[in-house]
Amino acid sequence: MATLRALAPAERPDPTVVLLTPGVYNSAYFEHTYLARQMGIELVEGRDLVTHDNVVHMRTTDGLKRVDVIYRRIDDDFIDPLAFRPDSSLGVPGVFNAYRAGNVTLCNTLGNGIADDKAVYAYVGRIIKYYLGEEPILGSVETFLCQDPVQRQHVLENLDKLVVKAVGESGGYGMLIGPHSTKEMRDDFRRLIQSDPRNYIAQPTLNFSRAPCYVDGRIEPRHIDLRPYVLYDGKTVTTVPGGLTRVALRKGSLVVNSSQGGGSKDTWVLRD
Amino acid sequence: MCAGPGAGLDVVRPHYRALREHLGELNLEELRRHKLAADLSFLHQGITFTVYGRDEGIEKIFPHDLVPRVITRKEWDQLEKGLAQRIVALNLFLRDVYHEGKIFKDGVVPREMILSCKHYRRQMIGLNVPKDVYVTVVGTDLIRDRDGSYLVLEDNLRVPSGVSYMLASRQVMKRIFPDVFQTCGVLPIE
């Protein structure tokens, strides 16, 4: 919350922060209501905000109130029909111009998705060295770019061993897990890769760690990953000790996404 | 067969010891009751998510596991440094891409690769964002490899989700195992 307040326009000493949600039909709507309540800020939908002269206001029972920081949980494409997708009814017309004018802050900003692109991921080690002159502390997973003819050949010859991912997708969608796939699925992906190589990367199937879980009345090992949350205000990086541990609750499964049979567990960092 | 439900924890790494001692004292019936209490608590708080890709949105209770994952301070310190390094470098990268593009001119990342990204937004070119902060919050996905080192899977710099599940899970666990947090010395997440 302090991080969000710190990013308010400079001349606004007591900034108003809101959380902008796409609404009740969004899969994470519960999260939006929960976070707004925890942070003590208003939860708003696009229709609750209006822009006048490049300033954003929220409709309240006492009339309009100026908004300084928008923690937005709407995707880039839908946030402002005037600047991005014109068919979006979820966004706030004019909010992007208000942002350009420096009258409101959007968190996170727009266009960050380039660094989430799974092909760009292969370059992050080099990006760290380039800007910071340091070796990366955390490792990355070996990644084959299908755009490159040599790497593509390798991928096509080893589809049964690799995990293939569409570069712009997330949440476990658009993925082929080679060792768990059928010949039909592999043939589909072969066609997809050949018709649009830029859109696909492949990685080795990872043998990632398991942790004890209480399943069906017993304690059994299941595969897990970890999603720590990290905040940045331009000066200081703040991490929350632990984060969300996601569990592939189906026996033997490697997919931890909640949309595909995953669950979660509490994560304890010990003081020792 | 006299082993309690904690027997499944026998093969875990040593820092699970305190937790194992506690869970080992509980019998299956008690664990089952705890699990029920946790699930009810999630249900009453309305902690749900929607599964897409079916005919209609299906609202489900978020599946939660009772056994916490334990990370040592040493492991965490290393993770924290690595995560900080990554967010700072990626923030500089985003600023550069939408301004001077030095990284392209120096031949480190091909320009076409960035311009062809599905999530590249030309509207951001030249825009000065407050305090040059592109990434306010990230939720980096990591796994622990066979040799015990952490690897980044995805950075998630757009609108990372799940933080409410982390907070809610901690609330519920504190209610069910109030004394264990103290005895194990768990760092708070506030």
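A search of the whole predicted structure finds 30 salt bridges over all chains, a salt bridge being a side-chain nitrogen of Lys or Arg within 4 Å of a carboxyl oxygen of Asp or Glu. Because the model is predicted, local features need pLDDT of at least 70 and side-chain atom pairs count only at pLDDT 80 or more, whereas totals for chains, interfaces and linings use all residues. Side-chain values use heavy atoms, with hydrogens and water left out, residues are numbered from 1 along each chain as its sequence is written, and chains are lettered from A and ligands numbered from 1 in the order in which they are written.

Chain A contains 6 helices and 18 strands, where helices (H or I, at least four residues) and strands (E, at least two) are DSSP runs numbered from the N terminus. Its C-alpha atoms fill a box of roughly 65 × 45 × 45 Å along the principal axes. Of the 272 residues of chain A, 55% count as buried; buried here means under 20% relative accessible area, exposed over 50%, and partly exposed in between, with a 1.4 Å probe and protein chains only. Among contacts in chain A between residues at least 6 apart in sequence, 51% join residues at least 24 apart, a contact meaning heavy atoms within 4.5 Å.

Chain B has 7 helices and 6 strands, which follow the pattern α-α-β-β-β-α-α-α-β-β-β-α-α along the sequence. Of its 190 residues, 55% count as buried, and among contacts in chain B between residues at least 6 apart in sequence, 48% join residues at least 24 apart. Chain B exposes about 9,100 Å², of which carbon and sulfur atoms supply 53%.

The two chains meet through 107 residues of chain A in contact with 119 residues of chain B. The area buried between chain A and chain B is about 10,800 Å², and carbon and sulfur atoms give 62% of it; buried area is the accessible area (1.4 Å probe) that two parts lose on being put together, summed over both. L138(A), Y214(A) and W268(A) supply 9% of the area that chain A buries against chain B, more than any other three residues.

Across this interface the rule finds 9 salt bridges. In one of them, D141(B) pairs with R227(A), the closest N and O atoms being 2.7 Å apart. Because D141(B) lies in strand β5 (residues 141–144) of chain B and R227(A) in strand β14 (residues 218–227) of chain A, the pair joins two chains. D141(B) is buried at a relative accessible area of 3%, and R227(A) likewise counts as buried, at 9%.

Within chain A, R198(A) forms a salt bridge with D117(A), with 3.4 Å between the closest N and O atoms. R198(A) lies in the loop between α6 (183–195) and β12 (200–204) and D117(A) in the loop between β7 (105–107) and α4 (124–132), so the pair ties together parts that are 81 residues apart in sequence. Relative accessible area is 13% for R198(A), which is buried, and 2% for D117(A), which also counts as buried.

Within chain B, the side chains of D132(B) and R95(B) meet in a salt bridge at 3.0 Å, N to O. This pair links distant parts of the chain, with D132(B) in the loop between α5 and β4 and R95(B) in helix α3 (residues 73–97), 37 residues apart. D132(B) is partly exposed at 31% relative accessibility, and R95(B) is partly exposed at 22%. Salt bridges that share partners also join R72(A), D76(A), D77(A) and R121(B) into one network.

Q123(B) is placed in the loop between α5 (111–115) and β4 (137–139) of chain B and is buried, with a relative accessible area of 16%. Leaving aside neighbours within four places in sequence, Q123(B) is in contact with A83(A), F84(A), F96(A) and R100(A). In chain A, S253(A) is found in the loop between β17 (244–248) and β18 (262–269); S253(A) is buried at 14% relative accessible area and touches H223(A) and A248(A), not counting residues up to four places away in sequence.

Conventions:
Accessible areas come from the Shrake-Rupley method with a 1.4 Å probe; for residues, only the protein chains shown count as cover.
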